[in-house]
Amino acid sequence: MITHPATLDVERTAGLDPEVLRRDFPVLHQEVHGKPLVYLDNAATTQKPSSVIDALVRYYEHDNANVHRGIHELSQRATNDYEDARTVVQEFLGAAESEEIIYTRGTTESINLVTASWGRANVGPGDEVLISAMEHHSNIVPWQILCEEKGARLKIVPINDDGEFLLDEYERLLSDHTRIVAVNHVSNALGSVNPVREIVDLAHERGALVLIDGAQAVAHMKVDVRSLECDFYAFSSHKIFGPTGIGILYGKRSVLETMPPCESGGDMIKHVTFEKTIYNDLPYKFEAGTPNIADAIGLGAALRYVNNVGLEGIGAYEEDLLAYATERLAAFEGVRLIGTAKHKASVLSFNLDSIHPHDLGTVLDREGIAVRAGHHCAQPVMDRFGVTATVRASFAFYNTRAEVDRLVETLHKAREIFA
Ligand code: 7TS
């Protein structure tokens with residue numbers, strides 16, 4: 001029985017109206033296999049509003065030039081817009097300075113930058129790196145490679161049966177050998193929201209740094225890196241309504257300044273002779289070569305869009321939608337929810353009877369419903385819950401209860417097909 005309130009608390013959601021906002025997203029208005037598209041794969045990538053698409057078109061139609069080089073008008077416009085976007089990111093994350101914002105290709109590259117630069121310089125034999133049992137592969141493998149190379153130990157903070165980070169176990173695993181803790185803010189496979197503030201405090205007490213993988217957080221909640229006091233924060237533009245191929249590594253200036261460059265070449269230098277190279281200042285020290293100018297500008301447009309909608313309203317609206325979807329699926333015979341943490345954001349992973357998630361995903365697709373089926377690049381999470389894969393519905397503020405209802409109806413159909 002559904003006990004969820006029939007209407008939304010409009011005050012909490014700051015009047016967020018998904019039907020109005022959907023008009024900003026051209027891709028949502030289409031039929032797939034003859035049915036209206038229901039896009040529930042936002043954890044994989046989000047759709048783009050017209051303002052982001054327009055920013056890309058405008059840049060290529062009017063301003064395209066290389067940055068930090070030319071004195072000509074177009075190069076100056078490109079440089080201004082590229083650097084303006086960096087300031088938008090700085091304000092969005094609450095960072096103290098725009099020099100602490102480094103453009104990367106995405107979360108994966110941001111984490112690899114930290115392991116390759118900070119890691120190589122600071123992790124040695126006998127040192128320890130702590131990650132959690134619910135990390136995406138991109139926050140596991142780079143640390144694994146670093147630890148193998150350096151003779152360091154990778155330690156894993158366990159999670160409970162609801163998919164919650166175990167703070168007391170974490171405290172026990174922290175030691176004077178811990179150099180860095182790397183955890184996600186929100187798990188992409190489970191939706192758990194992790195107690196990052198406490199994680200940072202406990203790590204700092206032991207003199208360890210903290211990297212937060214914010215790939216699944218930034219589109220759903222307000223993040224303030226200064227109040228979190230984390231040393232690094234990484235996210236991808238494409239998961240927050242911006243273009244693919246661009247992302248961010250925030251780093252505290254005091255940490256970034258001690259780090260050697262990662263990639264080298266043009267733009268990251270001040271002066272080059274065959275004898276010696278003087279590196280550029282932050283953030284350029286970490287941005288070798290011609291950057292992804294257009295997509296950085298697109299990311300700026302995406303964050304402006306999100307600011308206009310308002311993250312508080314987005315968070316409250318999505319919390320309501322997730323609670324509604326959770327209630328409907330929990331009441332569905334044969335559904336096993338994977339990830340039932342008390343504090344969750346926008347992700348609903350599940351299995352239905354013994355139907356293979358890929359088969360279920362295919363039935364949903366034939367009804368125009370896009371979900372992800374698989375291990376979600378988090379195989380250790382699948383192992384933890386004794387499954388090889390799940391079906392994952394993941395929400396954005398443009399999703400509606402009516403779409404959740406269509407998901408549930410289609411699951412009934414699937415059950416009949418596979419009975
Ligand atoms: N960290 C988390 C928590 C993620 O969810 C992802 C991508 C990444 C890192 C890597 O981000 P990228 O932009 O560099 O690829 N997660 C997913 C997902 O859940 N489905 O597709 C990609």
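This is a predicted model: local features need pLDDT of at least 70, side-chain atom pairs count only at pLDDT 80 or more; totals for chains, interfaces and linings use all residues.

Residues are numbered from 1 along each chain as its sequence is written, and side-chain values use heavy atoms, with hydrogens and water left out.

**Ligand.** I looked up the residues around the ligand (a heavy atom within 4 Å): there are 15, and T108, D213, S236, R372 and R392 come nearest. By class, I found three nonpolar, eight polar (Gly is put here) and four charged residues in this shell.

Next I checked polar contacts (N or O pairs within 3.5 Å). A polar side-chain atom of D213 sits 2.5 Å from a ligand nitrogen. A side-chain N or O atom of H238 is 2.8 Å from a ligand oxygen, and a polar backbone atom of T107 is 3.5 Å from a ligand oxygen. The protein covers 87% of the ligand's own 490 Å² of accessible area (Shrake-Rupley, 1.4 Å probe).

**Strand β10.** Five of its five residues are buried (under 20% relative accessible area), so β10 is largely enclosed by the rest of the structure. I noted G247, L249 and G251 on one face, I248 and Y250 on the other.

For pairing (at least two DSSP bridges), I found β4 (residues 101-104) antiparallel to β10 over four bridges, with T104 partnered by G247. Strand β9 (residues 232-236) is also antiparallel to β10, over five bridges, and F232 stands opposite G251.

Definitions and conventions
A polar contact is a pair of N or O atoms within 3.5 Å; within protein, one must be able to donate a hydrogen and the other to accept it, and residues adjacent in sequence count only if both atoms are side-chain atoms. Buried means under 20% relative accessible area, exposed over 50%, partly exposed in between (1.4 Å probe, protein chains only). Helices (H or I, at least four residues) and strands (E, at least two) are DSSP runs, numbered from the N terminus.
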